[in-house]
Amino acid sequence: MEIKRTVFLLMVIALGLWMVGCATPPATKLLEDRSFQTQIFKGASYNTVFRAVVNVLQNEGSIVNQEEKGSGRLVARIEKPDALSSPNDFTALVAEGDAPSSAWDHRRGEGYEVALNVDPIDDKIVEVRMTIQKVEFYNEGGARGSVMVSEEGYTSLFDKVRLEIKRQNAKEHV
């Protein structure tokens, strides 16, 4: 009886340790993600960096949904509609059969949502932190997404911001 109890106790402890290990992402992975999601821009004012970020997002085809220059918060979205995305599309309504209200829950497309924090560190040093999320959009306004952890996407956008800052600085000196 004592052996069964000991084995059971060891199994419970092992299961508990396994669950704790699965529930918490490794700290090094979080630090890696943060390292390419954050960039420091030197030699440019907060206003220049903020304008550059907005310009790059708009050049990429996104719509800036939320822009709070005072807090440095930006949220932008780019949406690519599916071929049959209109809730008025007869085919989409008929495809749902007996549940007419669920036709409005159809996926209408996918795209990306970008959230940025632009924080001045000094007069000419600005930190930008970006999170890119791939999102599926639905007809009733719902969205479902997952955070992108591809370093290339972040690097590409930050390179474009850096180029836009140079363009703006050159324009100011003309």
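Predicted model: local features only at pLDDT ≥ 70, side-chain atom pairs only at ≥ 80, totals over all residues.
Q: How many residues does helix 3 have, and how far does helix 3 reach from its first C-alpha to its last?
A: Helix 3 covers residues 46-59, which makes 14 residues, and it reaches 20 Å between its first and last C-alpha, close to the 20 Å expected at 1.5 Å a residue.

Q: Which residues of helix 3 are buried, and what covers them?
A: The general idea is that an α-helix has 3.6 residues a turn, so residues three or four places apart point the same way. In helix 3 the buried residues are Y46, T48, V49, F50, A52, V53, V54, V56 and L57. Their cover includes strand 1 (38-42), strand 2 (63-68), strand 3, strand 4, strand 5 (125-138) and helix 5.

Q: How many residues are in the largest nonpolar core, and which have the most contacts inside it?
A: The largest nonpolar core has 26 residues, and V49, L116, V128 and M130 are those with the most contacts inside it. Two or more residues of this core come from each of helix 3, strand 3, strand 4, strand 5 and helix 5, and the largest share, 8 residues, comes from helix 3. If neighbours within four places in sequence are left aside, V49 is in contact with F41, A44, V118, V126, V128 and I165.

Q: Is Q168 buried or exposed, and which residues does Q168 touch?
A: Q168 lies in helix 5, residues 151-172. Q168 counts as buried because its relative accessibility is 3%, where the cut-off for buried is under 20%. Not counting residues up to four places away in sequence, Q168 touches T48, R51, A52 and N55.

Q: How should I read K134, and where is K134 found?
A: K134 is found in strand 5 and is partly exposed, with a relative accessible area of 34%. K134 and G145 are 11 residues apart in sequence, while their C-alpha atoms are 5.3 Å apart in space.

Q: How much space lies in the largest pocket, and which residues are closest to its centre?
A: In general, rolling a probe the size of a water molecule over the atoms shows where empty space is left. Here the largest pocket holds about 330 Å³ of space, and of the 16 residues that line it, E60, I78, Y112, I132 and L157 are the closest to its centre. The lining divides into 8 nonpolar, 4 polar and 4 charged residues, with at least two residues supplied by each of strand 3 (73-81), strand 4 (107-122) and helix 5.

Key
Residues numbered from 1 in each chain as written. Heavy atoms only, no water. Helix = DSSP H or I, 4+ residues; strand = E, 2+ residues; numbered from the N terminus. Buried < 20%, exposed > 50% of the residue type's maximum accessible area, 1.4 Å probe, protein only. Contact = heavy atoms within 4.5 Å. 1 Å grid on protein atoms, 1.4 Å probe; cavity = no way out; pocket = protein on both sides within 12 Å on 5 of 7 lines; lining within 4 Å. Points joined across faces, edges and corners; volume = space filled by probe spheres on them. Nonpolar A, V, L, I, M, F, W, Y, C, P; charged D, E, K, R; others polar. Expected span 1.5 Å × (residues − 1). Core = buried A, V, L, I, M, F, W, Y, C linked by side-chain atoms within 4.5 Å.
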